[in-house]
Amino acid sequence: MIRLGTLLRTIELLALAAVFVAGWLALGRDLVDLVTSERIEGQSDVTPDSRYLVYALQEERPTPFVFSRPTQLFRISSLPVIEREAWEATDSWSYGYRLVMRDSSGTIVETRDIFSRSLRPDRILPYKRPIRFFRGDDALISLSDDLVVESATPIASVEMTPVEADAGVEQIAVRVYQRLPYSDAAARAEFQRRSPEERAIYGRASALPADILSDTEKGNIIRNRWRIVGPAGVAGSDYTVRIVYEGRLPEAQEAQR
């Protein structure tokens, strides 16, 4: 005969196991979205070869980005997300976002509104740009715009909010980068600490192999690097994260564009 306490404990353990399995299944779906190389729903002609995270700006609250140390130089890459109906109707869209820059004490140093105009990528020839899209989403991503912001006062954090935008601009997604300060000696040491594979990647813009670059060139490679900065807070409440996929059409279809 099974005791009532034992039965209740068994039911409790089964319930916990069900919650655990459901959580892992949800996590597994998120991981598949990030690492899968499958063709994307709605983009059957494109096989993605890279993917990365972007952060969608919210109208109801600013999205905060906190730098690892105060900086006088940071970079923003903005990607306007366009409704499919608007994508078919026109070739370009204007949009804007507001920057509120704060110092290490939290005091506002500067507020600046940034405006940009983005072009539909497949109307620019020759068509060799990657196609950017979200998985299972009809919205499309127009050409990105890069902005380097310089401040006389070191900035510890920046808050971003969308402002004016053309009809059809569904969302503005961004990536924020900071320039890491290195002295000459520290930059050269940082380059040497990297693996041969990493040094080759860092030096691929040079005509010479990474191992025979001069010390000055090695230092410049490190000093010119930008590091991605994630938003502060909790995903889903303080900020919204999305996964962008990049790929190219088959060459035959690119030639028809």
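# Notebook: burial, contacts and charge

**Entry 1: T71.** I looked up T71 and found this residue buried, at a relative accessible area of 7%. I take buried to mean under 20% relative accessible area, exposed to mean over 50%, and partly exposed to lie in between (1.4 Å probe, protein chains only). The areas come from the Shrake-Rupley method with a 1.4 Å probe, and for residues only the protein chains shown count as cover. I note that this is a predicted model, in which local features need pLDDT of at least 70, side-chain atom pairs count only at pLDDT 80 or more, and totals for chains, interfaces and linings use all residues. Residues are numbered from 1 along each chain as its sequence is written, and side-chain values use heavy atoms, with hydrogens and water left out.

I placed T71 in strand β2; strands (E, at least two residues) and helices (H or I, at least four) are DSSP runs numbered from the N terminus. I then checked T71 against E150: the two are 79 residues apart along the chain, and their C-alpha atoms are separated by 8.8 Å.

**Entry 2: F65.** I turned to F65, which has its place in strand β2, residues 63-82. Is F65 buried or exposed? I recorded F65 as buried, because its relative accessible area is 0%. From F65 to M101 I count 36 residues in sequence, while the C-alpha to C-alpha distance is 9.7 Å.

**Entry 3: aromatic pairs.** I next listed the ring pairs. Rings of Phe, Tyr and Trp (its six-membered ring) pair if their centres lie within 6.5 Å; planes under 30 degrees apart count as stacked, over 60 as edge-to-face, and the rest as tilted. By this rule I have five aromatic pairs. One of the pairs joins Y55 and Y239 edge-to-face, with 5.8 Å centre to centre and 80° between the planes. Y55 belongs to strand β1 (residues 47-56) and Y239 to the loop between β9 (226-229) and β10 (240-248), so this pair ties together parts that are 184 residues apart in sequence. I found both Y55 and Y239 buried.

F133 and Y245 are both buried. Returning to F65, I noted that ring pairs link F65 with Y55 and Y239 into a cluster.

**Entry 4: salt bridges.** I then went through the charged side chains. I count a salt bridge where a side-chain nitrogen of Lys or Arg is within 4 Å of a carboxyl oxygen of Asp or Glu, and this rule gives six of them.

I began with E60 and R61, whose salt bridge has its closest N and O atoms 3.9 Å apart. E60 is exposed, with a relative accessible area of 59%, whereas R61 is partly exposed at 34%.

I continued with R98 and D113, where the salt bridge is 2.6 Å from N to O. Distant parts of the chain are linked here: R98 is in strand β3 (residues 92-102) and D113 in strand β4 (residues 108-119), 15 residues apart. I classed R98 as partly exposed, at 35% relative accessible area, and D113 as partly exposed too, at 33%.

I then looked at E159 and R102, which meet in a salt bridge of 2.9 Å, N to O. E159 lies in strand β7 (residues 145-165) and R102 in strand β3, so the pair ties together parts that are 57 residues apart in sequence. E159 counts as buried at 18% relative accessibility, and R102 as partly exposed at 23%.

**Entry 5: a negative patch.** Which residues form a negative surface patch? I listed E83, E85, E88, D138 and E170. Patch residues have over 30% relative accessible area and no salt bridge; like charges are joined within 9 Å, nonpolar side chains (Val, Leu, Ile, Met, Phe, Trp, Tyr) within 5 Å. Asp and Glu count as negative, Lys and Arg as positive, and His and the chain ends are not counted; a charge is placed at NZ of Lys, CZ of Arg, CG of Asp or CD of Glu. I located D138 in the loop between β5 (131-133) and β6 (140-141), and recorded D138 as exposed at 56% relative accessible area.

**Entry 6: D211.** Last, I looked up D211, in the loop between α4 (196-202) and α5 (215-223). D211 counts as exposed at 57% relative accessibility. D211 and R199 are twelve residues apart in sequence, and their C-alpha atoms are 7.8 Å apart in space.
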